[in-house]
Amino acid sequence: MTFEERAKLDMLRGSMPLGRYIREQVLGDDAAPRKKRGRYPVKDHEALGRVLGALGSSRLSSNLNQLARASNTGSLPVTPETEADIKEACEAVIAMRKELMLALGSMLEGGEP
């Protein structure tokens, strides 16, 4: 595109964003307005704070990493204690996931994602 062509395009679109101008020129009246994202996707800052606090004060990521490493090397002993630890970690992850989904507004109250 030459400088002159760009200048003419800028004059035609005025203050309208270039993408919107092109979309309206191509689609005419069928051009649907673009959906805008909300600026603040977090719906419940308190719930988000609880989750982030729980993550910060837990050793969950370290413990899960150790379990994964032991599992990959074949050195994970299968004992009732190990099984209980894994179940506890899974429950914690599920609880944090639920809190995050609530905080981000992706779940209906009491419903599933």
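Q: Why does Asp-10 count as partly exposed in this predicted model?
A: Asp-10 has a relative accessibility of 28%. Buried means under 20% and exposed over 50%, with partly exposed in between, so Asp-10 counts as partly exposed.

Q: What makes the contact of Arg-6 and Asp-10 a salt bridge?
A: The side chains of these two residues meet at 3.3 Å, N to O. The definition asks for a side-chain nitrogen of Lys or Arg within 4 Å of a carboxyl oxygen of Asp or Glu, and therefore the pair of Arg-6 and Asp-10 qualifies. Arg-6, at 35% relative accessible area, is partly exposed. Arg-6, Asp-10 and Arg-13 are also linked in a network of salt bridges.

Q: Why are Arg-20 and Glu-24 separated by about one helical turn?
A: Both lie in helix α2 (residues 18-27), and they are separated by about one helical turn because they are four residues apart.

Q: Why is α3 called roughly antiparallel to α5?
A: Helix α3 (residues 45-57) and helix α5 (residues 80-103) pack at an angle of about 150°, with their axes 8 Å apart. Angles over 145 degrees count as roughly antiparallel, so α3 is roughly antiparallel to α5. The contact includes Leu-48 and Val-51 of α3 and Met-96 and Leu-100 of α5. By class, the contact has seven nonpolar, no polar and two charged residues.

Terms used
Residues numbered from 1 in each chain as written. Predicted model: local features only at pLDDT ≥ 70, side-chain atom pairs only at ≥ 80, totals over all residues. Heavy atoms only, no water. Axes fitted to C-alpha atoms, helices over the stretch in contact; angles between N-to-C directions. Helix = DSSP H or I, 4+ residues; strand = E, 2+ residues; numbered from the N terminus. Parallel < 35°, antiparallel > 145°, perpendicular 65-115°, else oblique. Contact = heavy atoms within 4.5 Å. Nonpolar A, V, L, I, M, F, W, Y, C, P; charged D, E, K, R; others polar. Buried < 20%, exposed > 50% of the residue type's maximum accessible area, 1.4 Å probe, protein only.
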